[in-house]
Amino acid sequence: MKDKKENMLKIPSHIGFIMDGNGRWASQRGLSRSDGHRQGAEALKSVVKACSQRGIKAVSIYAFSCENWSRPQAEIKFLFSLITQFAKKELKKYADCGYRVMFSGDLSQLPKTTQNAIKKVVDASKGNDGIMVNIALNYGSRQEIVKAVNTILQSGIREVDEQMIEDCLYTAGLPPLDVVVRSSGEKRLSNFMLWQSAYSELIFIDKYWPDFDEATLDEILLEYSNRDRRFGGIK
Ligand code: IPE
Ligand code: IPE
Ligand code: MG
């Protein structure tokens, strides 16, 4: 990550985070996976704030995938209690300080207490004009695309085009996803925003998510600024 163009920092409009490595961060320290998730939530707080301060318009955060239901019941239970707490406390603060909060994913399968907490913050932040905090919860990109196509078919349309699909995704109305960042060293998207990331820059960092901080975000912005986005064209 060289700083040759440091004075020409490009700020992405929309950044996606695949927060990965909470479990490994914890086991490295002899802690429980729950401790890892708790520390991951702390990292998230500082990253969202830093994104807002740097003028990023939207941030999408992968918090729980459709495939994460295959984890042990106790971990799932803990994750939803953490997410509910996070909604009641942190997301409430976001709403109060002008951020907007939205969710992507099938929320109907979540515990009722989580659904209620989510609904409250989404409603409370509706009229705000700050950074959009989009939390992908019980989210899967393939499921999202299938849902979009079915919505279109149900309206009686027999042939779909790209715009129709775009308009039926959870992210309709958000700026294009400029960059996807994944922590923990894994180099895959794990069903995160496959449609939206068609031309996103992909940045993989070796750190585990709980170690992600403001300085890591700045390294990523620098790396993003040095990428040459061509969208199929030539310079
Ligand atoms: C990411 O950390 C959090 C969620 C997927 C909910 P992990 O729990 O996947 O941590 P690792 O990958 O096992 O280290
Ligand atoms: C991706 O992480 C999902 C979230 C960050 C919520 P996983 O840990 O579930 O992904 P895999 O299993 O390593 O692909
Ligand atoms: Mg993982």
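**Entry 1: ligand 1**

I note here that the model is predicted.

Next I looked up polar contacts. A polar atom in the side chain of Asp20 is 2.9 Å from an oxygen atom of ligand 1. For Arg33, an N or O atom of the side chain sits 2.9 Å from an oxygen atom of ligand 1. Arg24 uses its backbone: a polar atom there is 2.7 Å from an oxygen atom of ligand 1. I then checked the cover. On its own, ligand 1 exposes 380 Å², and the protein buries 87% of that.

**Entry 2: ligand 2**

I turned to ligand 2. Around ligand 2 I listed Ile18, Met19, Asp20, Tyr62, Ala63, Phe64, Ser65, Asn68, Arg71, Arg182, Arg188 and Ser190.

Ser190 has a polar side-chain atom 2.6 Å from an oxygen atom of ligand 2. Arg71 has a polar side-chain atom 3.2 Å from an oxygen atom of ligand 2. In the side chain of Asp20, an N or O atom is 3.2 Å from an oxygen atom of ligand 2. How much of the accessible area of ligand 2 does the protein cover? I got 78% of the 390 Å² that ligand 2 has on its own.

Strand E2 (residues 58-65) supplies the largest share of the shell around ligand 2, with 4 residues. I checked the pocket here too. The space taken by ligand 2 is, again, the largest pocket.

**Entry 3: Phe17**

I picked Phe17, which is in strand E1 (residues 14-18). Is Phe17 buried or exposed? Its relative accessible area is 0%, so Phe17 is buried.

I looked up the contacts of Phe17, leaving out residues up to four places away in sequence. Phe17 touches Val47, Cys51, Val59, Ser60, Ile61, Tyr62, Val181, Phe192, Trp209, Phe212 and Leu217. I took one of these further. Val59 is 42 residues from Phe17 in sequence, but their C-alpha atoms are 7.6 Å apart in space.

**Entry 4: Ser200**

Where does Ser200 lie? I found Ser200 in the loop between strand E5 (179-182) and strand E6 (201-204). Ser200 counts as buried because its relative accessible area is 10%, and the cut-off is under 20%.

A polar atom of the Ser200 side chain lies 2.7 Å from the backbone oxygen of Leu177. Leaving aside neighbours within four places in sequence, I listed the contacts of Ser200 as Leu177, Asp178, Val179, Val180 and Arg229.

**Entry 5: Thr216**

Which residues does Thr216 contact, leaving aside neighbours within four places in sequence? I found Ile205, Lys207 and Asp211.

How values were computed
Residues are numbered from 1 along each chain as its sequence is written. Chains are lettered from A and ligands numbered from 1 in the order in which they are written. This is a predicted model: local features need pLDDT of at least 70, side-chain atom pairs count only at pLDDT 80 or more; totals for chains, interfaces and linings use all residues. Side-chain values use heavy atoms; hydrogens and water are left out. Contact means heavy atoms within 4.5 Å. Helices (H or I, at least four residues) and strands (E, at least two) are DSSP runs, numbered from the N terminus. Buried means under 20% relative accessible area, exposed over 50%, partly exposed in between (1.4 Å probe, protein chains only). A polar contact is a pair of N or O atoms within 3.5 Å; within protein, one must be able to donate a hydrogen and the other to accept it, and residues adjacent in sequence count only if both atoms are side-chain atoms. A residue is near a molecule or strand if one of its heavy atoms lies within 4 Å of it. Accessible areas come from the Shrake-Rupley method with a 1.4 Å probe; for residues, only the protein chains shown count as cover. On a 1 Å grid over the protein atoms alone, a cavity is a set of points where a 1.4 Å probe fits but cannot get out, and a pocket is an open set with protein on both sides within 12 Å along at least five of seven lines; lining residues have an atom within 4 Å of a point. A molecule sits in a cavity or pocket if more than half of its atoms lie within 2 Å of its grid points.
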